[in-house]
Amino acid sequence: MELQLGKQKHRQYTRIFDRTEEETCSIDAVVPDALGDLAALVVTEGTFCLWNLAFSDKSAQIEGCIAADVVYAEETGALRSFPVELPVKVRISGETLAEDVRPWLRCTLAALDARAVNSRKVRVTARLSLCLRAYRETELALTEHIESDGGAVFTRTEPLCVQVPVAVEEQTFTATQMHRFAAGQPETDRLLCHAETVLLDEVHIAGGRAVVQGRVRASVSYLQQGQSCPVVETFETPFSQLLDCPSDAEPCLVQASVSLTAAYLNVSTAADGATLEAEYHLVAQTVCFGELTAACVTDAYCNTAQLQLEWETIPAGTVQPAEPLRLTAEGTLACDAAALTVHAQRTEICGAAADGCDVLVRLLVTDAEQHVSCMEKRLHLTIEADDSARGELLYALPEPAAVTATADGFLLRAAVTAGMALLSPSDFRQVTGAAAQERPSPYAAVPSLTIVRWSGEDLWQVSKRYCSSERCIRETNGLLDDDAPAEQPQYLLIPKTEA
């Protein structure tokens, strides 16, 4: 007896690599000759820019830089700043990595700090969190039926419904906008420092394409003429991108990451005021999930021959977008809050984990002598776990922290709106191979009709044991779906059948 398996095949992407690593880099920067000596560091702001992400044999190469500005006070109290660039070059090893795999990368600047070496040198240190995933195009083969050139083969099929990655796409684009300064004109038409954050507002599927919408939020600090305390303003440049999702299945959910590759900010003046020209170069990476449904063979037998079956377990599951969550946390910055004045605050995401995300709250304050300093605290916002499904963070939108002066210091209350996907994993076992064995089947030894006491056992298992078929048992005992008895019979008549 020769057996043939009828299969349907679906193109999909399989995640073959998933790792989060932290990379620390530092550089010694010299204060430019045109600037005075460093008396006190105030703040260091910066942004990570991704230049290149490439895979080779068993490794991934990530290149970029952290463009930072060091703001310090001279002995006179005057604020000065100078730019520092920290090169980033990371190699991540992995046995499954190769040139043909597709990447998905989320980079977070977890920490940026500066320490004075002496009055003319500063050591700038940055910590970068890199979440790297890699996908390879594969084929999912599902067994629909089994054909035989001899005796009848009975098959049991069960429905499979699973969401799998069906497209992994990437696209570069540019976002530009002119912004007007609300508080006045920057002194000497330059900024003290600036930092950018990419925020995702909405990611969804429309017409078979991935829609990615968000903003680049720039926090800029500058001095006005004759002022000693910097002005901090925030400007947001919106973007919207469509990415094709070529796939066999209709996409139902998309996960996206948008990285900044370059930022250009220019201050210009006109008769009606000063403006900021912002130009951002970005790259969007999306993973689109599609729903596959099929009736798959999960078991088989033949009454006139022994079958040798092979099975495989398919990692199945569903991925569904959940309602956005509002996460909150609070902490205290220990200080003499009554003696300080808060001029500006910034809240930004500085890390993501399976159980939530971290935010950094940064305060720009002055004391009674108008000395400017920066204070910051890191808070962890926790996502409550669900036993039935595993949550995965899609995006996080921080709100400005609430700052309250107390006897212990500044009480900080931070809030984040988190977009989540709920992953409900399951395993599906299907038949992937079948062959007839030479050893005889028990068909000849089974009587043509058997009476058994029935306690509700699965009729499929009863059919296999007595060389019958589920259809014959139902017909003989009046158990057809359209004519089901009011009460379950205590005994079953089981006819032996070859087909």
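**Entry 1: sorting residues.** Before counting anything, I noted my classes: Ala, Val, Leu, Ile, Met, Phe, Trp, Tyr, Cys and Pro count as nonpolar, Asp, Glu, Lys and Arg as charged, and the others, Gly among them, as polar. I also reminded myself that I am looking at a predicted model.

**Entry 2: the largest pocket.** I looked up the volume of the largest pocket and found about 650 Å³. Its lining is made by 30 residues. Gln163, Val164, Pro165, Phe289 and Pro315 are the ones that lie nearest the centre. Several strands give two or more residues to this lining, including S1 (3–30), S6 (121–148), S7 (153–180) and S20 (409–436).

Which strand gives the most to the lining? I found that S13 does, with 8 residues; this strand spans 307–321.

With my classes in hand, I sorted the lining of the largest pocket: 17 residues are nonpolar, 9 are polar and 4 are charged.

**Entry 3: a sheet.** Next I turned to an open sheet of 3 strands, in the order S15-S16-S17, with antiparallel pairing.

Entry 4: I followed S16 (residues 356–366) alongside S17 and found antiparallel pairing over 11 bridges. To place myself in the structure, I picked Gly356, which stands opposite Thr382 in S17.

Notes. Residues are numbered from 1 along each chain as its sequence is written. This is a predicted model: local features need pLDDT of at least 70, side-chain atom pairs count only at pLDDT 80 or more; totals for chains, interfaces and linings use all residues. Side-chain values use heavy atoms; hydrogens and water are left out. On a 1 Å grid over the protein atoms alone, a cavity is a set of points where a 1.4 Å probe fits but cannot get out, and a pocket is an open set with protein on both sides within 12 Å along at least five of seven lines; lining residues have an atom within 4 Å of a point. Grid points are joined across faces, edges and corners, and a volume is the space filled by probe spheres set on the points. Helices (H or I, at least four residues) and strands (E, at least two) are DSSP runs, numbered from the N terminus. Two strands pair if DSSP finds at least two bridges between them.
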